[in-house]
Amino acid sequence: AELERDGYAIGGLAVGEPAEVMYEMISEVEPYMPKDKIRYLMGVGTPGNMIEAVSRGVDLFDCVMPTRNARNGWLFTRFGDVKLKNSRYRNDLRPLDPSCNCYTCRNFTRAYLHHLHKVGEILGARLNTIHNLSFYLQIMQEMRDSLEAGTFEAWKKQFAEDRARGVE
């Protein structure tokens, strides 16, 4: 902290240890990090991990998860994860996530995304990536807004309840 950098990174976590250990380590180092500098958690990436890290003072993340998972047909939604390889989506004409306003959710059905994934069409990977990145941007914006409004804990609780309901 004495080096006066623009921000400070927490790294070496999320490489195999349980999430609870990662959260404990963040809580241990956070008090020593300057309050007026960016706190960057390296390589962390599930929506739940990011929310827990923000609740412990982290500001910034990077992770391959949203794009890698998208290429493999694993999509994140408000109501849980969608794995497009599952045959349950073969005839599902609903949008991927009805609460999402991204290009993919506004224009394509779960059935079409399932088809693209099944046949290995590159368009599927692109549409899935658009959605996952849009979803991540949306939850980060919601976290920022709730922090500014002083409603983060209520937002966090509602998000967890939405995810627990699962994908219909």
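Student: How many of the 168 residues of the protein chain count as buried?

Tutor: In this predicted model, 40% of the 168 residues of the protein chain count as buried. The accessible surface of the chain comes to about 9700 Å², and carbon and sulfur atoms hold 53% of that area.

Student: Why is S146 called buried?

Tutor: The relative accessible area of S146 is 4%. Buried means under 20%, so S146 is buried. S146 has its place in helix 6. With neighbours within four places in sequence left aside, S146 is in contact with T151, F152 and W155.

Student: What makes these residues contacts of S146?

Tutor: A contact requires heavy atoms within 4.5 Å. T151, F152 and W155 are in contact with S146, so each has a heavy atom within 4.5 Å of one in S146.

Student: What is the pattern of helices and strands along the sequence?

Tutor: The protein chain has 7 helices and 5 strands. Read along the sequence, they follow the pattern β-α-β-α-β-α-β-β-α-α-α-α. The C-alpha trace spans about 55 × 30 × 25 Å along its principal axes. Of the contacts with a separation of 6 or more, 58% are between residues 24 or more positions apart.

Student: How do you know that strand 2 and strand 3 pair?

Tutor: Pairing requires at least two bridges between the strands. Strand 2 and strand 3 have 2 bridges, in the parallel sense, and therefore they meet the criterion. Y40, for example, has L60 in strand 3 as its bridge partner.

Student: What makes strand 4 and strand 5 a pair?

Tutor: Strand 4 and strand 5 (residues 80-83) share 4 bridges in the antiparallel sense. The criterion is at least two bridges, so strand 4 and strand 5 count as paired. A hairpin joins strand 4 to strand 5 through 2 residues, and T77 has G80 in strand 5 as its bridge partner.

Student: Which residues have the most contacts inside the largest nonpolar core?

Tutor: They are I26, L41 and F61, in a core of 24 residues. Strand 1 (7-10), helix 1, helix 2, helix 6 and helix 7 each supply at least two residues of this core. Helix 6 gives the most, with 5 residues. Apart from this core lies another, of 14 residues, including A70, V82, L113 and V167.

Student: With which residues is L41 in contact, leaving aside its neighbours within four places in sequence?

Tutor: L41 is in contact with I10, L13, M22, I26, A53, V58, L60, F61 and D62.

Student: Which residues of helix 2 are buried, and against what do they pack?

Tutor: In helix 2 (residues 47-55), the buried residues are P47, N49, M50, I51, A53 and V54. They pack against helix 1 (19-29), strand 2 (38-41), strand 3 (60-61), strand 4 (74-77), helix 6 (122-149) and helix 7 (152-165). Helix 2 is followed by G57, which has a positive phi near 105°.

Student: How far apart are the mean positions of the positive and negative charges?

Tutor: The mean positions of the 22 positive and 23 negative charges of the protein chain are 10 Å apart.

Note on methods
Residues are numbered from 1 along each chain as its sequence is written. This is a predicted model: local features need pLDDT of at least 70, side-chain atom pairs count only at pLDDT 80 or more; totals for chains, interfaces and linings use all residues. Side-chain values use heavy atoms; hydrogens and water are left out. Buried means under 20% relative accessible area, exposed over 50%, partly exposed in between (1.4 Å probe, protein chains only). Accessible areas come from the Shrake-Rupley method with a 1.4 Å probe; for residues, only the protein chains shown count as cover. Lys and Arg count as positive and Asp and Glu as negative; His and the chain ends are not counted. The place of a charge is taken as NZ of Lys, CZ of Arg, CG of Asp or CD of Glu. A nonpolar core is a set of buried Ala, Val, Leu, Ile, Met, Phe, Trp, Tyr and Cys residues joined through side-chain atoms within 4.5 Å.
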